[in-house]
Each structure stands twice: as structure tokens, then as C-alpha cells.
Amino acid sequence: MKRRTFLQGLALLPLARHLPARAESVSSGLIRSHPRPGEVGWPSDAEWSQLERQVEGRLLRPSRVSTLDNPFLLQEHAGATQSAGWTNAWESRPSVYAVAAESTADVVAAVNFARGHHLRVVIKGAGHDYLGRSSGQDALLIWTHPMREVTFHESFRPAGAPADHPPTSAVSVQAGARWLEAYTVATTKNNRYVQGGGCASVGAAGGFPQGGGFGSFSKKFGTGAAGMLEAEIVTSDGKVLIANAFQHSDLFWALRGGGASTYGVVTRLTLLTHPLPSTFGAVTGALSASNDEEFRTLVERFCQFYREKLNNEHWGEQFEITPKNTIEIAMTFQGISQSQAEKIWAPWGHQLSLLAIPARDMWDPEYWKKHHPENIIADPTDSKRYWWAGNQAEIGKYWYTYQSRWIPLEALAQPDFLYQASRHWPVGMHMNKGLSGASGEALRRQADTSMNPAALKAAGLAILASGYTGTPVPGEAQERIARIETAMRILREACPNSGAYVNEADYFEKDWQKTFWGDNYPRLLAIKRKYDPIGLFHCHHGVGSEGWSNDQMMWTAQD
């Protein structure tokens, strides 16, 4: 046995009582596995009944749900997820049992039960995930969707903070709350802004802030991770910890960008709020060229325009460079007037349209229904809910592939690689998902997170993806995957070591530890081992997940 494998095995010896009976040593190292239904170690019916009594009847047997086109209804089923699966990677399948947690005590009971029976744990709030991290068939699902309380604080001071620590305005969200609910409380009702996701149905306390969390206005207000003030978390020993800058500060740092479903079950987050701008706005439309050479020049000209006029705290969202020789634009702005925005975009003439709205109305469904109903899809089951019309295509989508790469600002000085990549597949440039040009305050807070530092130099995140809803077309998956991989290879070669965003990345990402977290990974791994020494919490390409099989059921010590 190699020395490294031997030492890894020794490190696990104190944890032997936590490992399943079927753990054994083989030539490749220690192997451990979670029991499946019907196998030795799977809890008996009597034991499941005991858990059901502990959680006062909130133990469910989730069922598979047919594809729904309403993201909120999807979230109301324990067995459903926003994405349906990924080619040769994973498929959305319901867990055998789920605890529909309504309180932190329910989460503690579920964690203790899973630990005692060596069960695989899956954590799901909103289920807005591309990589299958909130789906698992032979597992106990801790389903936090029922925990939906959102509380606004005029004056919040973290636990353990000294008396002279200045309080701040904040909003607390339980584990199952969505951003629409958080925005309703913070913005619509209290005239403040909390940095959250663009999609209204994304979870406010789950993978979004714990994985980093870019929103439409991140260049002004920072990431969701940077806005985190405090977390309540249930760790693998069943303890409830309050983590912030003043207590369990190492865990708090890890939670601010180190990935969800990794260090424990977060049951509540408290997030910083900001003064609300007077307006939010958007610029939409398309720029086109009549042939390839003209389009190559257009791409170069537009990237120069972006570097000189848009790489600052006022602008966000995206543009897409397509094989059809068009640049599709859907940019947002804040902190400037409509006339200022019009002046900036004047060189592009009548090809674009501009819309500005009162910022307080941004997440008010009644405003959108009255003034711009074409931009939303109103939930027919609840008048207070809606989602953006542009997000409809992703609901229930089965992905062929979904890949990303941060594009440093300096790379846009020679943008021919973007043109070359667009010959194979549309290159979506999500400029709000990079912090080049961000406000000084956003950059200061970002320095205290565990996200890959490469995000600080990134103008934006290039995303190349494809999938289907309904019935797949024979042969389409292989053809599209090949085209996207060819285009992505061009981006990787042009931007080596730039990294990728952990929440939106290739399932098959190589060297994912470095790609997702850069030089922060060793520290994150040490914190993982400190707070979860038995490895109860793990998910695909999460910190400390080395050695787990794709289905997360079998672990083998790595050479």
C-alpha cells in the first residue's frame, strides 16, 4: 500500500465506529459504503417509525413527479428538482425517505438518525441545481422547503460581537425561503436591497450564497457569500452552531463560498441589506453583421465598448455571441438614470431598447402584471408568485452539458477567441458573474470569502450549455456536446487557470478543487475535516468528496 493511502487509512481509524459494517481494506485502500434498502445496515421499519415520531409525522416517502413547467410547484414536491438530469451523469430520482423539516429540531433529528445508521444524506431546499447535488435515490433527504420564514432587521448585530460593533440592516432567511420571498420583505416592504439571485424561485439560504452567489447587480453589491453576516448550522454531531465573524469564524469563512451540502445543514442565514437605488433598468436587443469578417470586427468593437463603458459597478447581466453573427444583449443597470444609460449606448443607435423601472417595484408581481406582463409568467396557483419569462426554458430541463469559465478582463483586449468559440456554439457572457470593475465595498467584502480569488479579476463568466425538455432528439446529445467541448477548449486555452463558478460548471470538470476554489482548497478541506470528521455530508465535487462514486454511495481511499 502506498504511504499516502496508508496515512489516509490511519486518519480514519478513530472513526471506525461510524463506518458501515461492510467497510474493508483492499489493495486500493479503505472502502466504505452507505447501505441501500434491503442491505445489511438499512434501518428497519420500526427504526423509521421511531424517526417519524421524533419529527412528529413529518417523515415522507417522496414520489417521482412528472415534468412540471412551474418552478414553485416543483419545489412543493420532495421528489422533484429544477433540472431533470444530465447526460451520462445523473438523473433526478426521489430519495427513499425525506424529513420535511419545519424546524431546526427536525433537522437535528434527521442528522442524528443518518449518522447512527450510516445513511447517505441529501439536502434540498429549492432544488435549483445543475449538478444533481440535491437529488439522491438511496438516501435520507433533509427537505428544508417548509422552513420559509423571512425576517427583516432594522438593526442586526451578530452573536458574540463586541458591544461597540456597529449594527446594520439585515434580513434573515430560513433554509427553504426563495429569493422572491426575501426580495418581497427586503425591497418591496422595507425599501432595501439584499444581494440575491436573478431567478425568483432560487433558494436564498442554500447553494446560491454558500457556493458564492452572483446576482444581476453583483458588481455593485457583491456576491451572496460576501453579504452573509451569520449562519445557523447543524453539524454532523447533531450540534446547532451559530457561525459568524466572531465565533466559529473558520466555519463561517468556509460557508461563504465553500459550497453547500458540505459542512452541515444550514437552517438560517442572515444577510446584509443595502440602500435601494432609485431605479433598476435593462438594455435589450441584438447587434448583427452581414458576414464573418464583419462580425469578427463587431465582437472586437463591442468588447472594447464593454471594457471602456460597462466594466463598472453600474452594469450587470449578459450578452451572447452567436454562430449566426449576432450579439444578443440583455444587460441590467442601477445607480444611473435612464438618460445616462441612453447616452452610454447611443453609439449603437436604434438597434437596442432600454427600460427603467422604480427599484422598489422590481419584485412586485402586481407592477409587472400591470406595466410589463410580457416579462413575467404569473403563477396561476398563487397571485403573489411569478418567474421571469426568460427562465421558463430551464424548468425541468435535462442537460446534455453545462460548462463555464471565468474570462479575465485583460482577455477582452484580444477577444478573437470569443469569435472563434462562437463558430461552434453560442457563448453566453454573464458579466454580473465576475467582479472586475466592482465597487470598492464589494471587493472588500469579497476578500473575506472562500470563493476562488479568480472571480476578482473576471469580467464575467462564459457559459455554454444545451439540453432538452420533453422528448430528446436521437443523436442530438453527442453532436451538441462535441460542439460545446470544442468551443470550451478554445476558451480554456485562451484563459488558462481562470477557474469556474462552482454553482454553474461542468459535471465532469477535471481538477475541480483548483478550478472551483483555487488556493483556498487546502484550508477548506481542513475545515471540512474539523467540523465533519466522519464525512457525513458529501456531494458531487464538494470539498472533501474525493473518492466518492458518482452516485455518492461508495467511497474508496485515494492513492
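Arginine 36 is partly exposed, with a relative accessible area of 29% (buried means under 20%, exposed over 50%, partly exposed in between, with a 1.4 Å probe and protein chains only). The structure is a predicted model, in which local features need pLDDT of at least 70 and side-chain atom pairs count only at pLDDT 80 or more, while totals for chains, interfaces and linings use all residues. Residues are numbered from 1 along each chain as its sequence is written, and side-chain values use heavy atoms, with hydrogens and water left out.

The side chain of arginine 36 meets that of aspartate 138 in a salt bridge, at 2.6 Å from N to O (a side-chain nitrogen of Lys or Arg within 4 Å of a carboxyl oxygen of Asp or Glu). Aspartate 138 lies in the loop between strands S7 and S8 and arginine 36 in the loop between strand S2 and helix H2, so the pair ties together parts 102 residues apart in sequence (helices, H or I of at least four residues, and strands, E of at least two, are DSSP runs numbered from the N terminus). Aspartate 138 is buried, at 14% relative accessible area. In a further salt bridge, aspartate 106 meets arginine 58 at 2.8 Å, N to O. Aspartate 106 belongs to helix H4 and arginine 58 to the loop between H2 and strand S3, so this pair ties together parts 48 residues apart in sequence. Both ends are buried, aspartate 106 at 3% and arginine 58 at 17%. Arginine 148 forms a salt bridge with glutamate 181, with the closest N and O atoms 2.8 Å apart. Salt bridges that share partners also join Glu56, Arg58, Glu102 and Asp106 into one network.

Aromatic pairs number 40 (ring centres of Phe, Tyr and Trp, the last by its six-membered ring, within 6.5 Å; planes under 30 degrees apart are stacked, over 60 edge-to-face and the rest tilted). The rings of tyrosine 400 and tyrosine 468 have centres 5.6 Å apart and planes at 40 degrees, so the pair is tilted. Tyrosine 400 in strand S21 and tyrosine 468 in strand S23 are 68 residues apart.
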